[in-house]
Protein chains: 2
Amino acid sequence: MAANSRVTIAAHALAWLELARRRGRAVLTSEEVAASVNTNPVIVRRSLGDLQRAGLVTARRGNGAGFALGRPAAEITLLDVWLAVSPEPLLALHHSEPNLECPVGRGIRPVLTDVYDEATGAFRATLARTTVNDVLERILT
Amino acid sequence: MAANSRVTIAAHALAWLELARRRGRAVLTSEEVAASVNTNPVIVRRSLGDLQRAGLVTARRGNGAGFALGRPAAEITLLDVWLAVSPEPLLALHHSEPNLECPVGRGIRPVLTDVYDEATGAFRATLARTTVNDVLERILT
DNA sequence: CCAAAAGCAACCATTGCTGTTACATTCGAC
DNA sequence: GTCGAATGTAACAGCAATGGTTGCTTTTGG
């Protein structure tokens, strides 16, 4: 499969929300966000729905409604975003259980799980060092 | 889709090749490997074909043929395996180009590319610290 | 009450992975 | 040189995930 682009879409939306907020518009509709990301408003609503469940944005319905940042952009890391939209592991174990008659088949899964967890941890730690505010600052300079 | 399991299958195959080698059988057929991994021999041939292209295993065709490790198990890291079978990035950018009229749409891609590259580098560095020999040792203890 | 916008369900098309069958190719053994 | 065993590889089916689209329901401010 192609790697998914949800983190990208979510980070884009958040950076755009923060820029709009600085310009005096704290609330944007899914259509306005979609116009910047260049996708369908439903995709944006799905993505921001994930972020809302994680508390990263707030959504208001009804007339004049839209999405706003749930907390300061400097307090939202890309790890927060990744956790909100990408719960799948980076590497998968066997689809079907390996042959337990074989020593390797019997013992390999916990070993690989450990290694994969460690690598995923390093990946996450890096994402945790960049905030949405950092992303926007780097865009604007 | 779920993350792919090719690294797992390849690592399993390599550990099994190393264990067989220690037991005096340096060459295994795809069918023998498939019996341990519990999959189809064609899957194994495809996977080991990738490893062969990277020099991690050797393949001999013809009668009495099969696969053998291309270099000592202690000199094959899981990063080597990952590079041989998983060229896809862990996170993708936008599918369709963002709106270049928007400052965020114009500038976000290189920023995210940098962050993703850094995180992927941390992921790779962790994989590079574990060898096939390490995996087998941890299985056997 | 009305209109605007989120929420949500039901699709479709595409893609990638696994698994399977079938066949061509290679190469050692005899 | 032939035979047989095994790799190499193409083609296809099934399945799941993703992005995209449409349409409808729900909410809510004015």
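**Entry 1**

I looked up A:Asn38 and found it partly exposed at 38% relative accessibility; I count a residue as buried under 20% relative accessible area, as exposed over 50% and as partly exposed in between, with a 1.4 Å probe and protein chains only. The model is predicted, so local features need pLDDT of at least 70 and side-chain atom pairs count only at pLDDT 80 or more, whereas totals for chains, interfaces and linings use all residues. Residues are numbered from 1 along each chain as its sequence is written, chains are lettered from A and ligands numbered from 1 in the order in which they are written, and side-chain values use heavy atoms, with hydrogens and water left out.

A:Asn38 sits in the loop between α2 (30–37) and α3 of chain A. I take helices (H or I, at least four residues) and strands (E, at least two) as DSSP runs, numbered from the N terminus. The phi of A:Asn38 is near 70 degrees, a positive value in a residue other than glycine. Most residues other than glycine have a negative phi. I then checked B:Asn38, whose phi is also near 70 degrees. B:Asn38 belongs to the loop between α2 (30–37) and α3 (41–53) of chain B and counts as partly exposed at 38% relative accessibility.

I examined how α1 (residues 6–22) packs on α4 (residues 78–85) in chain A: the angle is about 125 degrees and the axes are 9 Å apart. Axes here are lines fitted to C-alpha atoms, for helices over the stretch in contact, and angles run from 0 to 180 degrees between N-to-C directions. That angle makes α1(A) oblique to α4(A); under 35 degrees counts as roughly parallel, over 145 as roughly antiparallel, 65 to 115 as roughly perpendicular and the rest as oblique.

On the α1(A) side, A:Arg6, A:Val7, A:Ala10, A:Ala11 and A:Leu14 meet A:Leu78, A:Val81, A:Trp82 and A:Val85 of α4(A), contact meaning heavy atoms within 4.5 Å. The residues of this contact of α1(A) with α4(A) divide into eight nonpolar, no polar and one charged. For these classes, Ala, Val, Leu, Ile, Met, Phe, Trp, Tyr, Cys and Pro are nonpolar, Asp, Glu, Lys and Arg are charged, and the others, Gly among them, are polar.

I next took α1(A) with α3 (residues 41–53) of chain A, where the axes come within 10 Å and cross at roughly 85 degrees. That makes α1(A) roughly perpendicular to α3(A). A:Arg6, A:Ile9, A:Ala10, A:Ala13 and A:Leu14 of α1(A) make the contact with A:Ile43, A:Ser47, A:Leu48 and A:Leu51 of α3(A). The residues of this contact of α1(A) with α3(A) comprise seven nonpolar, one polar and one charged.

**Entry 1: Burial of α4(A)**

I asked how many of the eight residues of α4(A) are buried. Six of the eight are, so α4(A) is largely enclosed by the rest of the structure. The buried residues are A:Leu78, A:Leu79, A:Val81, A:Trp82, A:Ala84 and A:Val85. Their cover includes α1, α3, α5 and α6 of chain A, together with α5 of chain B.

**Entry 2: Aromatic pairs**

I searched the whole structure and found three aromatic pairs over all chains. Rings of Phe, Tyr and Trp (its six-membered ring) pair if their centres lie within 6.5 Å; planes under 30 degrees apart count as stacked, over 60 as edge-to-face and the rest as tilted. The rings of A:Trp82 and A:Phe123 have centres 5.6 Å apart and planes at 65 degrees, so this pair is edge-to-face. A:Trp82 lies in α4 and A:Phe123 in α5 (residues 103–127) of chain A, so the pair ties together parts that are 41 residues apart in sequence.

A:Phe123 also forms an edge-to-face pair with B:Phe123, at 6.4 Å centre to centre and 80 degrees between the planes. A:Phe123 is in α5 of chain A and B:Phe123 in α5 (residues 103–127) of chain B, so this pair joins two chains. A:Phe123 is buried at 0% relative accessible area, and B:Phe123 is buried at 0% as well. I noted one aromatic cluster formed by A:Trp82, A:Phe123, B:Trp82 and B:Phe123.

**Entry 3: Single residues**

I looked up A:Ser5, in the segment before α1 of chain A, and found it buried at 9% relative accessibility. Not counting residues up to four places away in sequence, A:Ser5 touches B:Ala92, B:Leu93 and B:His95.

A:Arg138 lies in α6 (residues 132–140) of chain A and is partly exposed at 36% relative accessibility. With the sequence exclusion of up to four places, A:Arg138 touches B:Val111, B:Asp114 and B:Val115.
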